[in-house]
Amino acid sequence: MKTWTQPMAEVQLFVANEYVAACWSVACDVIGQDKLTSNTGVTHAQNACGNPAKYKFKPDANGVPTGLWEHSDSQNMDLECDIFSDSGYSQIINASELPGYVGKTIYWRTKHYNGNGDGRVWSHEGTLSGGNHS
Amino acid sequence: MQEPKYVTTPDFILREIGDECVLVPIGDVGELENSMISFNETYSFIWKQFNEPHTIPEVIEIAKSEYEDSEGVMERHITEATIELVNRNILKVVD
């Protein structure tokens, strides 16, 4: 026979942290030749910079992006992106500011081998989506 | 006066995870939404008895056949636990 013990119950309440569910997405809308250079070795493709799956935002504990990286299959590495708010690529945006650009076009640049390659620079643009999903 | 019968509501399911029993809300449960309730063995026993409609005295009798109650507290414990479960809408009165 088992020994009776006092019935005990513990309630664990789960509070949704809306930032845990943050997700960010962007993809380059430029197809083919880069708009800002005549170098025919600087092209954009839908299955490369045009693929949102190639991008990482690495959000912090509050769901705020800490940067933007594009994985390049051809270079076999993550390319750190310089982010801009204008098509002239002159107004730099810090990644932490990206939440203010949801639904807007952002501009970013990637460098061949993160600047350690042959000097080619790709100028991208696309609409940022994301934020909290609660 | 006839003792009321109680039964578990379909808004909760009991899952045994390792050696722990967890009551998980699956319906509209108000304040217990987004929560899990962990039962020890005797609380789990009480809840399981009410999977079929039972009165409190009936559950006490079943418990007496399975547990040794050297301190004589089992009857009070079962009564209090049942009332708590009813107050939390985890058990409901059978019409």
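**A friendly note on chains A and B**

1. The term stands for a side-chain nitrogen of Lys or Arg within 4 Å of a carboxyl oxygen of Asp or Glu. By this rule, the interface of chain A and chain B has 2 salt bridges.

2. Before going on, please note that this is a predicted model, in which local features need pLDDT of at least 70 and side-chain atom pairs count only at pLDDT 80 or more, while totals for chains, interfaces and linings use all residues. Residues are numbered from 1 along each chain as its sequence is written, chains are lettered from A and ligands numbered from 1 in the order in which they are written, and side-chain values use heavy atoms, with hydrogens and water left out.

3. Who takes part in the contact (heavy atoms within 4.5 Å)? Chain A brings 14 residues and chain B brings 27 residues. About 1,700 Å² is buried between the two chains, and carbon and sulfur atoms give 60% of that; buried area is the accessible area (1.4 Å probe) that two parts lose on being put together, summed over both. Of the area that chain A buries against chain B, 41% comes from A:Met1, A:Lys2 and A:Trp4, more than from any other three residues.

4. Now for the strands, which are DSSP runs of E with at least two residues, numbered from the N terminus. β2(A) gives the largest share of the side of chain A that touches chain B, namely 5 residues. β1(A) pairs with β5 of chain B (residues 67-68) in the parallel sense, over 2 bridges; pairing requires that DSSP finds at least two bridges between two strands. Within β5(B), B:Glu68 is the bridge partner of A:Thr3.

5. Chain A also has an open sheet of 4 strands, in the order β10-β9-β11-β12, with antiparallel pairing. At its edges stand β10 (92-93) and β12 (121-127), each with a single partner strand, so one side of each is left without a neighbour in the sheet. β11 (residues 105-111) and β12(A) are joined by 7 bridges, and A:Arg109 stands opposite A:Ser123 in β12(A).

Technical notes. Contact = heavy atoms within 4.5 Å.
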